[in-house]
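Let's take a walk through this one together, starting with the overall layout and then moving down to single residues. Have the viewer open as you read.

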Amino acid sequence: MPKIKTNSGAKKRFRLTKNGKIKRARANKSHILTKKTTKRKRNLRKAAIADATNVAAIKKLIPYK
């Protein structure tokens, strides 16, 4: 069986936790930040766990992580 290629975009965006959950960054933190409150921007810095509906697809993209 040949090795599976890791998706380059996915390997930069997702990390696996010790329990096998997928950690991701939050969206809406790149531009148009002036209208967003400081509290909202601060909370967007925190990591989030990927939704269960997307976990199988993400794990296929990063098979060796």
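The protein has 3 helices and 3 strands. Read from the N terminus, the elements come in the order α-β-β-α-β-α. With a radius of gyration of 15 Å, well over the 11 Å that the globule rule gives for 65 residues, the protein is more spread out than a compact globule. Keep in mind that this is a predicted model. If you like to think in boxes, the C-alpha atoms fill one of roughly 50 × 25 × 20 Å along the principal axes.

Now for the surface and what sits under it. The accessible surface comes to about 5,700 Å², and carbon and sulfur atoms account for 53% of that. Of the 65 residues, 15% count as buried. As for contacts between residues at least 6 apart in sequence, 55% of them join residues at least 24 apart.

On to the strands. The 3 of them make an open sheet, ordered β1-β2-β3, with antiparallel pairing. β1 (14-16) and β3 (48-49) stand at the edges with a single partner strand each, so one side of each has no neighbour in the sheet. Between β2 and β3, which run antiparallel, there are 2 bridges. Look for R24, which stands opposite A48 in β3.

Which residues make up the largest nonpolar core? There are 6 of them: A10, F14, I22, A50, I58 and I62. In soluble globular proteins, nonpolar side chains tend to be buried together.

Next, pick out L16 in strand β1. K3 is another matter: L16 and K3 are 13 residues apart in sequence, and their C-alpha atoms are 20 Å apart in space.

Last stop, the loop between β2 (22-24) and α2 (38-44), where N28 is found. Check the backbone here: phi of N28 is near 70°, a positive value in a residue other than glycine. I32 lies in the loop between β2 and α2 as well, and phi of I32 is also positive, near 55°. As for its side of the surface story, I32 is partly exposed, with a relative accessible area of 47%.

How values were computed. Residues are numbered from 1 along each chain as its sequence is written. This is a predicted model: local features need pLDDT of at least 70, side-chain atom pairs count only at pLDDT 80 or more; totals for chains, interfaces and linings use all residues. Side-chain values use heavy atoms; hydrogens and water are left out. Helices (H or I, at least four residues) and strands (E, at least two) are DSSP runs, numbered from the N terminus. Buried means under 20% relative accessible area, exposed over 50%, partly exposed in between (1.4 Å probe, protein chains only). A nonpolar core is a set of buried Ala, Val, Leu, Ile, Met, Phe, Trp, Tyr and Cys residues joined through side-chain atoms within 4.5 Å. Two strands pair if DSSP finds at least two bridges between them. The radius of gyration is taken over C-alpha atoms; the globule rule is 2.2 Å times the number of residues to the power 0.38. Contact means heavy atoms within 4.5 Å. Accessible areas come from the Shrake-Rupley method with a 1.4 Å probe; for residues, only the protein chains shown count as cover.
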